[in-house]
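Here is a short tour of the salt bridges in this structure. Have a look at the chains first, then read on.

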Number of protein chains: 2
Amino acid sequence: MPSKFVLIAYDITDNSLRNRLVDVLFYFNLQRVQYSVFLGYISETHLNHMVEQIYDDFEHEDVKILIVEICKGCFKNIRSINYDIPKEERKHLVV
Amino acid sequence: MPSKFVLIAYDITDNSLRNRLVDVLFYFNLQRVQYSVFLGYISETHLNHMVEQIYDDFEHEDVKILIVEICKGCFKNIRSINYDIPKEERKHLVV
């Protein structure tokens, strides 16, 4: 199952809510590329679990969260300055 | 020419540099959806001009900028909480 590349951006004023979301995103092995943006590769199954958890736990009036799956075509068009775009780890490689 | 939907995220410590980028992004009619993220529709020509200007004016060691073009397929998969995803204005509609 190929992984998906996702971008998560969030704007959360409450510190504890924000820290809890950060923990969730780190738990799913995404990379914090700037204060309020995570990038990374995630399996479809894990992505669905993560999205479900985010909707369950973070539906709150002053919480803004954006979850964007970035396909291979869009990934190729990414342009950046000094941005460390995570590389997919070849975990499944059996030698 | 169909517009492109783009996401720009940035992490810039210097206030004047950050404000100058914000001005550029507003100039190209993008919408500031959170402190360091803009979203919006832009023609291919304007996108190329904007990217060129960003590379010319913001190539700086403590500037991080990410520019993601989001295709129709990825746009449909966007999930969000309380996020105001800009709608495309039908400017070209002649009635």
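This is a predicted model: local features need pLDDT of at least 70, side-chain atom pairs count only at pLDDT 80 or more; totals for chains, interfaces and linings use all residues.

## Before we start

Over all chains, the count comes to 5 salt bridges. Let's walk through some of them.

## A link within chain A

Glu44(A) pairs up with Lys4(A), and their closest N and O atoms sit 4.0 Å apart. This bridge ties together distant parts of the chain: Glu44(A) belongs to helix α2 (residues 44–58), Lys4(A) to strand β1 (residues 4–12), and the two are 40 residues apart.

How open are these two? Glu44(A) has a relative accessible area of 34%, so it counts as partly exposed. Lys4(A) comes in at 23%, which is also partly exposed.

## Links between the chains

Arg79(B) and Glu69(A) form a salt bridge too, with 2.6 Å between the closest N and O atoms. Because Arg79(B) lies in strand β5 (residues 79–81) of chain B and Glu69(A) in strand β4 (residues 63–70) of chain A, this pair joins two chains. Arg79(B) is partly exposed at 22%, whereas Glu69(A) is buried at 8%.

Glu69(B) and Arg79(A) meet at 2.7 Å, N to O. That pair also crosses between chains, running from strand β4 of chain B to strand β5 of chain A. Here Glu69(B) is buried, with 8% relative accessible area, and Arg79(A) is partly exposed, with 21%.

## Joined up

Which residues are linked in a network of salt bridges? They are Lys4(A), Glu44(A), Glu69(A) and Arg79(B).

Conventions. Residues are numbered from 1 along each chain as its sequence is written. Chains are lettered from A and ligands numbered from 1 in the order in which they are written. Side-chain values use heavy atoms; hydrogens and water are left out. A salt bridge is a side-chain nitrogen of Lys or Arg within 4 Å of a carboxyl oxygen of Asp or Glu. Helices (H or I, at least four residues) and strands (E, at least two) are DSSP runs, numbered from the N terminus. Buried means under 20% relative accessible area, exposed over 50%, partly exposed in between (1.4 Å probe, protein chains only).
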